[in-house]
Amino acid sequence: MRNRPVIVGMLAVVLGSAVACGGGASAPPASSPAASSGHRIAVTSAAFADGGAIPRRYTCDGADISPPLAFSGVPAGATSLALLVQDSDAPQGPFTHWLVWDIAPRTTALAEGRAPEGAEQGRNDFRRPGYGGPCPPRGDRPHHYVFTVYAADRRPDLTPATATADGLRRALASHTLASGTLSGHYAR
């Protein structure tokens, strides 16, 4: 037991080095936005507040058009933006309402009912390209819809015919510089 203080001291040096090099358990993974830049994109809408009710106009019960969106805080190194809109309360798991990528990084807003010029749109889970508004089952509790904007250091290699939410996430996994969300709820 004479060597115990030496072993404890060596262990402290090794653990201290690991934490100083980012090896601690609380360090974010290398592919996370926080690890890449620390940036956070602010996502807002003139139609509803974060956590607020999504107006009927933007749902299957209304005009079924996309709400206006604005975002800021895109890092300088971004070459492409992507947008994913999902119902996080769907019974079968997240339900994709809109999947858009190749958005120009200088874009700061999306007009109501329009995809950004030059962007690609994948099929939503209604099995059609473009936006499909909130449409939860009648009488169900309010569903929450999350609008996530990603800034990436490259364009995702996707095709509109085969793109999925999981495919977009995989394509952006180690290339996301920052992201941000806006959420709203809707019930019928």
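Which strands do the buried residues of H3 pack against? The buried residues of H3 pack against E4, E5, E8 and E9.

Before the details, the ground rules. This is a predicted model, in which local features need pLDDT of at least 70 and side-chain atom pairs count only at pLDDT 80 or more, while totals for chains, interfaces and linings use all residues. Residues are numbered from 1 along each chain as its sequence is written, and side-chain values use heavy atoms, with hydrogens and water left out.

Now the inventory. The protein chain has three helices and nine strands; these are DSSP runs numbered from the N terminus, helices being H or I with at least four residues and strands E with at least two. Along the sequence the pattern is α-α-β-β-β-β-β-β-β-β-α-β. Of its 188 residues, 38% count as buried, where buried means under 20% relative accessible area, exposed means over 50%, and partly exposed is in between, with a 1.4 Å probe and protein chains only. Among contacts between residues at least 6 apart in sequence, 71% join residues at least 24 apart; a contact means heavy atoms within 4.5 Å.

Next, the sheet. Six strands form an open sheet in the order E2-E9-E8-E4-E5-E7, with mixed pairing. Strand E2 (52–53) and strand E7 (120–121) are at the edges with a single partner strand each, so one side of each has no neighbour in the sheet. Two strands pair if DSSP finds at least two bridges between them. E8, residues 143–152, pairs with E4, residues 80–87, in the antiparallel sense over eight bridges, and Val85 has Phe147 in E8 as its bridge partner. E8 is also joined to E9 by 10 bridges, again antiparallel; there Val149 stands opposite Gly180 in E9. Eight of the 10 residues of E8 are buried, so this strand is largely enclosed by the rest of the structure.

Back to the helix. H3, residues 165–172, lies across E4, E5 (95–103), E8 and E9 (176–186), and runs at about 145° to E4. That angle is between N-to-C directions on a scale from 0 to 180 degrees, with axes as lines fitted to C-alpha atoms, for helices over the stretch in contact. The buried residues of H3 are Ala165, Gly167, Leu168, Ala171 and Leu172. Viewed down the helix axis they fall within an arc of 160°, so they line one face of H3; the arc is taken from the directions from the axis to the C-beta atoms.

Last, the loops. How many disulfides are there? The count is one disulfide, the criterion being a pair of cysteine sulfur atoms within 2.5 Å. The pair is Cys60 and Cys135, with sulfur atoms 2.1 Å apart. Cys60 is in the loop between E2 and E3, and Cys135 in the loop between E7 and E8, 75 residues apart. The link of Cys60 and Cys135 is right-handed, at 80° about the S-S bond. Cys60 is partly exposed at a relative accessible area of 28%, and Cys135 is partly exposed at 29%.

Thr59 lies in the loop between E2 and strand E3 (69–72). Thr59 is buried, with a relative accessible area of 0%. Beyond its neighbours within four places in sequence, Thr59 contacts Ile54, Asp64, Gly133, Pro134 and Tyr186.
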